[in-house]
Amino acid sequence: MFDALHPTRNEIMSINEYRDFAILSGHKLMNAAPRARCPVCKRGLAVRAGQTKDNQHFYHDDEDFCPTKDPASRPYLGKAPTRIDLKAIELNRQWLMENLDAVYSKLSSIIPRLAVSEFADLLEEAKRLNVYGYVGFVKEHTPYVLVTLMNFLPSNSYKKQRKFKFVFFYDAGVQNYEDLWIDRGFASDLTSVSYHKNVPQKSKQVDIETSYLTQSSKLLLTPKQREWCLKVL
Ligand SMILES: [Zn+2]
């Protein structure tokens, strides 16, 4: 991975920024400085020199489990709610129908080159898993749940323009989606990681915010695309 969490602060830093950090804190060798952390499991990462200077990167130097090593093992993946709030399902779906453009826009801003077909696939998967029925589901957080339901492959992207595979992760401690809205908050960091041939490349923190609902510059689905999405919702 070419970037990681700062050793103490909740900020992503690039390997170059980490090199500066190591020097400024008086360490000649990056591996002697306090470790940068994995944005998902929060464990310390080692630095490996690449074949070229540009290739230097962070990596897990232990055998312990981290979802970034095996994205298919994310514990919440494909999990339907254990307790269902029947009354909420219709309300949450209704809300999504009314805010479909806003949710699509938000997802397009965090998933590079999102295709409408992928958006429809997400809606279909959400319906299959009954995600709108989670007890305590916060409807405004819908994009941040949808985004974890599948991996975003270059081959499925808009005009196949996405260069890397993108996968979204909650903190490694999250076992169920229900864990996310403890006390009506959003109790986890959300991170996107890009992969090239299953090797993690860049990571980014996703800001969990709800101002996307009132932003005026929204991407608009065409009537046809909208109809397509509503059919699977
Ligand atoms: Zn990790």
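Modeller: Here is a short walk through the domains, the core, a sheet and a few single residues. Keep in mind that this is a predicted model.

Colleague: Which domains does the chain have?
Modeller: The domain assignment gives domain 1 (3-66) and domain 2 (72-232). Their centres, taken over C-alpha atoms, are separated by 29 Å.

Colleague: How many residues are in contact between domain 1 and domain 2?
Modeller: On the domain 1 side there are 6 residues, and they are in contact with 8 residues of domain 2. The side of domain 1 that touches domain 2 has 5 nonpolar residues, 1 charged residue and no polar ones.

Colleague: OK, the core next. How many residues are in the largest nonpolar core?
Modeller: The largest nonpolar core has 45 residues. A4, F58, L107, F119, A126 and L146 have the most contacts inside it.

Colleague: You listed A4. What does A4 touch?
Modeller: Leave out residues up to four places away in sequence. Then A4 touches I12, M13, A36, R37, C38, P39, L45 and F58. F58 is also on the list of core residues with the most contacts.

Colleague: Switching topic. In what order do the strands of the open sheet run?
Modeller: The order is β5-β6-β7, and the 3 strands pair in the antiparallel sense.

Colleague: Which strands stand at the edges?
Modeller: β5 (165-170) and β7 (199-206) do. Each has a single partner strand, so one side of each is left without a neighbour in the sheet. From one strand to the next, the twist averages 25 degrees.

Colleague: How many bridges join β6 and β7?
Modeller: Strand β6 (residues 190-196) pairs with β7 over 6 bridges. For example, S192 stands opposite K204 in β7. Y195 has P200 in β7 as its bridge partner.

Colleague: What happens in the hairpin of β6 and β7?
Modeller: There are 2 residues between the strands, and K197 takes a positive phi near 50 degrees. N198 lies in the loop between β6 and β7. Its phi is positive too, about 65 degrees, although N198 is not a glycine.

Colleague: Why flag a positive phi?
Modeller: Most residues other than glycine have a negative phi.

Colleague: Is N198 buried or exposed?
Modeller: Exposed. N198 has 9 C-beta neighbours inside 10 Å, and 12 or fewer counts as exposed.

Colleague: What about K42, where is that?
Modeller: K42 is in the loop between α1 and β3 (46-48). This residue is not a glycine, yet its phi is positive at about 70 degrees. K42 counts as partly exposed because it has 14 C-beta neighbours inside 10 Å.

Colleague: Last one. Where is Q205, and what is it in contact with?
Modeller: Q205 is in strand β7. Leaving aside neighbours within four places in sequence, Q205 is in contact with I12, P39, D189 and T191. With 14 C-beta neighbours inside 10 Å, Q205 counts as partly exposed.

Colleague: And how far apart are Q205 and L219?
Modeller: In sequence, 14 residues. In space, Q205 and L219 are 22 Å apart, C-alpha to C-alpha.

Notes. Residues numbered from 1 in each chain as written. Predicted model: local features only at pLDDT ≥ 70, side-chain atom pairs only at ≥ 80, totals over all residues. Domains from an automatic or database assignment. Contact = placed C-beta atoms within 7 Å. Nonpolar A, V, L, I, M, F, W, Y, C, P; charged D, E, K, R; others polar. Pairing = 2+ DSSP bridges. Helix = DSSP H or I, 4+ residues; strand = E, 2+ residues; numbered from the N terminus. Axes fitted to C-alpha atoms, helices over the stretch in contact; angles between N-to-C directions. Buried ≥ 20, exposed ≤ 12 C-beta atoms within 10 Å, placed from the backbone. Core = buried A, V, L, I, M, F, W, Y, C linked by C-beta atoms within 7 Å.
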